[in-house]
Amino acid sequence: MNAFWQQFTLTHIPLQNWRSGSYLHRSVVGILRSWRQSSLLMQWADEIAAVLLSLVFVLAPFVSSTLIGLLLAACGGFWLLITLTDLRDQPKLTPVHLLVLLYWGIATVATALSPVKTAAFVGWTKLTLYLLLFALTARVLRSPRIRSWMIAIYLHIALIVSVYGLRQWFFGATALATWVDPESPLSKTTRVYSYLGNPNLLAGYLLPAIALSAMAIFAWRGWIPKALALTMFLVNTICLVLTFSRGGWIGLLALVVTLLVLLVYWLSIQLPPFWRKWSLPILLAGMLGVLILAMLFVEPVRDRVLSIFAGRGDSSNNFRINVWLAVIEMIRDRPILGIGPGNTAFNRIYPLYQQPRYTALSAYSVPLEIAVETGFIGLFCFLWLVIVLFSQGLTQLHRLRQQNNREGFWLIAAIAIVVGMLAHGTVDTVWYRPEVSTLWWFTVALITSYLHAPATEPTQTNLATVTQ
């Protein structure tokens with residue numbers, strides 16, 4: 001059984017042998033290395049890549065999707081350039097890379113066989129840009145210095161977004177769409193959306209910030225950076241709660257539980273026997289107590305939580321159920337490879353299945369969206385990718401824990417983000433918006449960056465070093 005699991009999670013796949021024996025790898029990778037040796041600019045390739053990636057995360061909450069797409073194209077072009085001019089003889093492929101490539105191949109075939117090929121090609125192009133972002137990010141994040149820099153950049157931008165969200169709560173904000181049942185007691189409650197224009201989208205954007213800021217409390221050195229990290233964690237968490245996004249709350253709960261479990265595992269070596277055994281139950285019981293008190297004494301929270309279990313009695317629930325039923329019919333008609341990737345293809349096919357008055361731009365569920373776009377083959381590949389992410393991530397976490405390496409805190413955050421975003425994605429598809437999709441692939445790249453890492457990495461990850 002153990003041997004099967006290691007094969008399934010690609011634990012011992014001989015990637016080095018493949019690289020040395022692959023004609024494609026030998027004939028493409030590094031083909032322009034002689035030019036790079038004489039180029040002063042390309043001596044700073046990783047730093048330039050980090051700047052391009054930072055621009056994506058700095059601008060994503062504030063600019064149009066078109067501009068984000070242009071930045072993603074620039075990142076993809078630069079990844080191609082540094083691949084063609086590569087000088088370093090070190091492993092760059094990981095099991096995660098192989099599964100991402102496999103998923104892209106499945107999406108490519110689904111596009112070629114789509115009943116709406118032109119529309120599916122638009123979605124395929126977007127997916128390709130995101131995967132190129134992953135490839136470039138996974139490369140540069142192998143440097144702990146760049147990793148810390150990019151995490152700090154995102155956390156500072158998320159803090160700005162959250163502060164503006166809190167301002168909307170105190171001073172009011174006009175609802176830009178019907179986000180709650182007009183007959184609900186919450187119909188007059190402000191749901192903050194900050195610069196993103198949608199509270200559900202804001203919740204998805206803030207989930208990674210909550211996990212990373214929580215771990216920054218432990219990873220950053222010095223009281224001032226730790227105080228800043230604690231401030232970020234509190235502000236981001238409060239802002240997400242004030243979105244009143246039920247999917248966001250589900251994601252937050254899954255994320256926090258995962259953080260607690262992994263953090264107790266990480267610290268258990270240093271804990272006395274009593275706390276090693278009881279710290280996790282005490283923390284989980286305390287969190288449950290806070291949730292119960294919030295439901296008992298905070299009426300908006302109680303109403304919003306109870307609406308999750310209202311079934312068709314809640315208009316939002318009823319809408320999603322009707323969309324899901326239509327999407328399931330779409331999957332039944334094309335179960336193997338789906339209709340092709342992207343919301344453009346979805347919008348061409350969905351009207352043929354939709355129930356009257358229930359128009360939709362997506363499946364409102366990531367697993368259903370993947371199944372309808374790339375069929376059960378694509379869904380299986382995606383689930384395989386997630387399993388490998390967890391398996392490889394936990395293996396690397398164990399390695400860093402044995403070394404007492406502070407870089408492990410970022411890995412804890414990344415694993416928790418994957419859990420939280422998956423939980424949120426079961427009932428929503430904000431995942432496919434650029435502001436959130438870029439963060440998903442950043443998180444996948446963050447976990448991937450720890451694979452084949454040097455045995456002794458630098459451990460300094462304080463804010464002062466990052467901002468120098």
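Analyst: In this predicted model, V388 is a residue of helix α17, which covers residues 366-403. The relative accessible area of V388 is 0%, so this residue is buried, the limit being under 20%. Among the residues that V388 touches, leaving aside those up to four places away in sequence, are F8 and T9, P95, V96 and L99, and also G393. P95 stands 293 residues from V388 along the chain, yet their C-alpha atoms are separated by 7.5 Å.

S279 belongs to helix α13, residues 273-297. With a relative accessible area of 9%, S279 is buried too. Its contacts, again without residues up to four places away in sequence, are V264 and L271.

A pair of helices may be considered next. Helix α9 (residues 144-171) and helix α10 (residues 199-219) have axes that come within 10 Å and cross at roughly 125°. This angle makes α9 oblique to α10, and the crossing is left-handed. On the α9 side, the contact is formed by I151, Y154, L155, I157, A158, V161 and S162. The α10 side contributes L202, Y205, L206, P208, A209, L212, S213 and A216. Sorted by class, the residues of this contact comprise 13 nonpolar and two polar ones, with no charged residues.

Conventions
Residues are numbered from 1 along each chain as its sequence is written. This is a predicted model: local features need pLDDT of at least 70, side-chain atom pairs count only at pLDDT 80 or more; totals for chains, interfaces and linings use all residues. Side-chain values use heavy atoms; hydrogens and water are left out. Axes are lines fitted to C-alpha atoms, for helices over the stretch in contact, and angles run from 0 to 180 degrees between N-to-C directions. Helices (H or I, at least four residues) and strands (E, at least two) are DSSP runs, numbered from the N terminus. Angles under 35 degrees count as roughly parallel, over 145 as roughly antiparallel, 65 to 115 as roughly perpendicular and the rest as oblique. A crossing is left-handed if the near helix is turned anticlockwise from the far one by less than a right angle, and right-handed if clockwise. Contact means heavy atoms within 4.5 Å. Ala, Val, Leu, Ile, Met, Phe, Trp, Tyr, Cys and Pro count as nonpolar, Asp, Glu, Lys and Arg as charged, and the others, Gly among them, as polar. Buried means under 20% relative accessible area, exposed over 50%, partly exposed in between (1.4 Å probe, protein chains only).
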